[in-house]
Structure formats: C-alpha cells, structure tokens
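Here is a short report on one model.

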Amino acid sequence: MNVEVTPLPGIGTRQDFMIRAGRRLGVITYRDGRFELIVSKEGDADACSASIPLSPAEAGTLAGLLGAPQLVAHLEEQNRDVAGVTTRQFPIVPGSHYDGRTLGETELRTRTGASIVAVLRAGTVHPSPRPDFVFAGGDLVVVVGTADGLRESADLLGGG
C-alpha cells in the first residue's frame, strides 16, 4: 500500500491511502496528540465524508485491533509445521484483575505451560516481554502453547 503523508502546517500530519472501494482512508495526527480517523467521499478523494475524533488511548486500541490479527497470523504460519503448538491473542480488559499488574504476577507459564510472546499496546509490539512488564487495559497479549494451555490462559487472563 502506498501511504501518503501530508504535512498540515500548524496542525500536524495527515496519513492516508486508497482502499479498493476507491476511497481514501487515513488519520490526522494533531500536534497536541489527538487523532482523527478520516474517510473520503466516494468519487472525490479530496473531500471528507466521515471524520471520527479519537483520543490517544482509542487510537492505540484501534491500532492494536488492526495489527494483532496480522501478528498472530504470522506467528501461526511460522509454527504451522510444529504439531500441537498454537498462537492466540487475549485482551487485557480495562479494570480486570491483571490491568496494572506485571506479567510475572500472572504465573502464566507455570500455571498453563503457555508463553506470552508479545504484547500489543497502542499500535506498538512489545516482543518477549519480561516478567516486570506491566499490563494495561486494552493490551492484546499474544500467547503460544498447546490447545489446553491456551484454554487455561484464556481463563486466567479473562478472570484472573
């Protein structure tokens, strides 16, 4: 995809690309840290048909939702020939038991035999997080393990 970056003097930058439907989809990043999701009008790539303001946390969550499936698919492809190993992602729900707690506190590997291989937060991948990594609500945790281990991981991370 060809992403166009357009400086908006005194405002920030616009980054957008053409989608199959013939519209442009993009984000305006304001100098003050705000974001705006924009969609062009059909048939007029320079006219905006929809504009959705996003806080930094909302933009990060959206980025994680869009990026996480690609990361998981890549890991699954790499492990395709390894019998019994699967990759899944689990959200850390804001306000849940592990929101604000460390990876080490989950004792996930000891309790389930599965391993956390990455955490996606605000569009950023944190590969191989250390035991002192602190989870935040909205994180997507990428876990590798057996079917049983992943089922137990879902229970653990979902219910604590």
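The largest nonpolar core holds 15 residues, and Leu108, Ile116, Phe135, Val141, Val143 and Leu157 touch the most other members. A nonpolar core here is a set of buried Ala, Val, Leu, Ile, Met, Phe, Trp, Tyr and Cys residues joined through side-chain atoms within 4.5 Å. Buried means under 20% relative accessible area, exposed over 50%, and partly exposed in between (1.4 Å probe, protein chains only). Two or more core residues come from each of β7 (115-121), β9 (140-145) and α4 (147-159). The top contributor is α4, with 3 residues. Helices (H or I, at least four residues) and strands (E, at least two) are DSSP runs, numbered from the N terminus.

This is a predicted model: local features need pLDDT of at least 70, side-chain atom pairs count only at pLDDT 80 or more, and totals for chains, interfaces and linings use all residues. Residues are numbered from 1 along each chain as its sequence is written, and side-chain values use heavy atoms, with hydrogens and water left out.

Ile116 is in contact (heavy atoms within 4.5 Å) with Leu103, Leu108, Pro129, Phe135, Val141, Val142 and Val143, leaving aside neighbours within four places in sequence.

**Paired strands**

Strand β3 (residues 24-30) pairs with β2 (residues 12-18) and with β4 (residues 35-41). Two strands pair if DSSP finds at least two bridges between them.

| Pair | Sense | Bridges | Residues between | Turn glycine, positive phi |
|---|---|---|---|---|
| β2 and β3 | antiparallel | 7 | 5 | Gly22, about 85° |
| β3 and β4 | antiparallel | 5 | 4 | Gly33, about 100° |

Thr13 stands opposite Thr29 of β3. Gly26 has Ile38 in β4 as its bridge partner. The covered face of β3 carries Arg24, Gly26, Ile28 and Tyr30. Its uncovered face carries Leu25, Val27 and Thr29.

**A buried aspartate**

Asp139 sits in the loop between β8 (124-127) and β9. Why does Asp139 count as buried? Because its relative accessibility is 1%. The Asp139 side chain makes a polar contact of 2.7 Å with the side chain of Arg121. It also reaches the backbone nitrogen of Ala136 at 2.8 Å. A polar contact is a pair of N or O atoms within 3.5 Å; within protein, one must be able to donate a hydrogen and the other to accept it, and residues adjacent in sequence count only if both atoms are side-chain atoms. Not counting residues up to four places away in sequence, Asp139 touches Phe90, Pro91, Ile92, Val119, Leu120, Arg121, Phe133 and Val134.
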